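Keep the viewer open as you read.

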Amino acid sequence: MAFVQVSNLTKVFGKGKEASAVLNGIDLSVEKGEIFGVVGLSGVGKSTLVRCLNRLETPDSGSIVIGGRDILSLSEKELRLARRDMGMIFQSFNLLSGRTAFANVAFPLEVAGMSKKGIRTRVSELLEMVGLSGKAGSYPAQLSGGQKQRVGIARALANDPEILLCDEATSALDPQTTSGVLELLADIQKRLGLTVIMITHEMKVVTETCDRVAVMDEGRIVEEGPVTEVFLDPKSPVTKSFVEVILKRNSRFLENGYKPGGRLVRLRFLGDSVSSPFVSDLVYRFDVEPVILQAHVDHIKDTPFGTLLMDMRGHAENVSNALESLRAQKVLTEVLN
Amino acid sequence: MFLSAQQLHMLKDASLQTLYMVSVTTVLTVLVGIPLGILLVVTRKGHVLANVWVNRVLGFVVNATRSVPFPIFIVFVIPLTRFVVGTSIGPTAVIVPLTLAAFVFMARLTESCLLEVPHGVIEAAQSMGASRLRIVFRVLLPEALPGLVMAMTITVVTLIGYSAMAGAVGGGGLGDLAIRYGYHRYQTDIMWATVILLVLVVQLVQSVGDSLVRKFSRR
């Protein structure tokens, strides 16, 4: 059984005519030690989903089992203890404004009943881990957004949780700060072997950090799998639109009425094939003249991937041979005309 | 302005009476009003001690108490005042209606301060496994502290105003002196003296309150 097992979770907000199903039968399994992303537009229920996991929100039906604990059947006292094993970070950081960074991180330790001396040592460790040793005495109002979220992360990890829930943790941050916070999260996750569930509306967050991803729409999970697969070969319209944001796939050439001289082909490739010289192969081996219209090479977490839009000019037979050979090299090909 | 020795003596007595009424009432008001304000918040729907009925009843009692004009309220609670203090006349007797009127005021102010604390902060504490009591005393109250100090300042200033009506039942105090001598007997100098004194006292209370708010405020 997976570390996190969610089955047939439903939640309806409102009553009578105004009732709307926010979660519409969610099934989800997250393995121990992976970073699992849940991506979707705002209002599709992804925040509600993650808030159900530590019962900040109570679902109407379904089951949630985390680390062998049946979350929905816990008594209030058991829930409080269980919550200490689950850290959570928030979009708006939710730090206590009247406490310093140090005292904010100390809060969950006070809750857990740690001694003053123990708290001092542990908080120093945690602040060092998130790179904020020098800011222990600063109040949240004196910290930048990125620093506040680092305090949030230190606080969430204070009691050594097994799982970290991130509810749009980087959505209030600018792109550079987002990257810094994501790097920190990925680094900590690797070191501590944490299981992380990351709710986001930014595909970039998923491709930079997540191992697997679920795409949510209208209270359902419409697509799920390893990020590389979902990303390279999206099936549902929602996923496609998310991927397009990253790849900028909608090429201006087509919109502006570009007249291809041959077959217009989109190639997508992953991992080792990124470094294979298949474009020059097209020229030398198949006598095809490729005109590159758009190219993009990047990483999904640690796996390189690329996309290429080209106009393959040449003898029809040569072109189809070339495509055949590309497919044999596990390059996804898509002929657009 | 030339005040006679007798007038100065009256001013001194009146000042002490006001000080007595306002300070005792303030202590009682804070002791009862803040807890009532906390209850008004935490029994709200979706809050840490949600209880719709308790909330409705408390809300009704608070509103009802606040609806009655203070001079009528003084007369209205006379039986209670007699029961508690033994008499319905004098500065000590006035403390009863004054406290009753002020603590519901303080409760509403407390309520609005506590509601200013972002709900996300409470949720964060819940997500860390904090108990309800810890959330109230370690999250809600400390986060609302600057607002609470401001609310107390407002309450004290309001009490100084209310205590002027204490004269109706022989409570004395500066306001009473201004009405009886300054207004009814045309002793304009007494009126001016009390008004200036009251202005100074209110300014002092407000600036002490403001500096405390600055001290506690971290936003």
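A:Thr100 sits in the loop between β6 (86-90) and α3 (101-111) of chain A, where helices (H or I, at least four residues) and strands (E, at least two) are DSSP runs numbered from the N terminus. Is this residue buried or exposed? A:Thr100 counts as buried because its relative accessibility is 16%; buried means under 20% relative accessible area, exposed over 50%, and partly exposed in between, with a 1.4 Å probe and protein chains only. Leaving aside residues up to four places away in sequence, A:Thr100 touches A:Ala136, A:Gly137, A:Ser138 and A:Tyr139, contact being heavy atoms within 4.5 Å.

A word on the ground rules: this is a predicted model, in which local features need pLDDT of at least 70 and side-chain atom pairs count only at pLDDT 80 or more, while totals for chains, interfaces and linings use all residues. Residues are numbered from 1 along each chain as its sequence is written, chains are lettered from A and ligands numbered from 1 in the order in which they are written, and side-chain values use heavy atoms, with hydrogens and water left out.

Now turn to A:Pro175, which lies in helix α6 (residues 175-192) of chain A. A:Pro175 is exposed, because its relative accessible area is 54%. Its C-alpha atom is 9.7 Å from that of A:Lys204, a residue 29 places apart from it along the chain.

Next, look for strand β3 (residues 35-39) of chain A. Why can this strand be called largely enclosed by the rest of the structure? Five of its five residues are buried, so β3(A) is largely enclosed. Both of its faces are covered: A:Ile35, A:Gly37 and A:Val39 are buried on one side, and A:Phe36 and A:Val38 on the other.

Strands of a sheet pair through backbone hydrogen bonds, either parallel or antiparallel; here, two strands count as paired if DSSP finds at least two bridges between them. β3(A) runs parallel to strand β8 (residues 195-200) of chain A, with five bridges joining them, and A:Ile35 stands opposite A:Val196 in β8(A). Four bridges link β3(A) to strand β9 (residues 212-217) of chain A, again in parallel, and A:Phe36 has A:Arg212 as its bridge partner in β9(A).

For an antiparallel arrangement, find the open sheet of four strands in chain A, ordered β2-β1-β4-β5. Its edge strands are β2 (20-30) and β5 (69-70) of chain A, each of which pairs on one side only. Strand β1 (residues 4-13) of chain A runs antiparallel to β2(A) and is joined to it by eight bridges; A:Val12, for instance, has A:Ala21 in β2(A) as its bridge partner.

Let's step back to the whole chains. Chain A has twelve helices and 14 strands, whereas chain B has nine helices and zero strands. The C-alpha atoms of chain A fill a box of roughly 80 × 50 × 35 Å along the principal axes, and those of chain B fill one of roughly 70 × 40 × 25 Å. Buried residues make up 50% of the 337 residues in chain A and 46% of the 219 residues in chain B. Among contacts between residues at least 6 apart in sequence, those joining residues at least 24 apart account for 69% in chain A and 74% in chain B.

Finally, how do the two chains meet? In all, 18 residues of chain B are in contact with 23 residues of chain A. The area buried between them is about 1900 Å², with carbon and sulfur atoms giving 56%; buried area is the accessible area (1.4 Å probe) that two parts lose on being put together, summed over both. B:Ser127, B:Met128 and B:Arg218 supply 34% of the area that chain B buries against chain A, more than any other three residues.

There are two salt bridges between the chains, each a side-chain nitrogen of Lys or Arg within 4 Å of a carboxyl oxygen of Asp or Glu. B:Arg132 forms a salt bridge with A:Glu76, their closest N and O atoms being 2.6 Å apart. On the side of chain B that touches chain A, the elements giving two or more residues are α6 (119-127) and α7 (132-163) of chain B. α6(B) gives the most, with seven residues.
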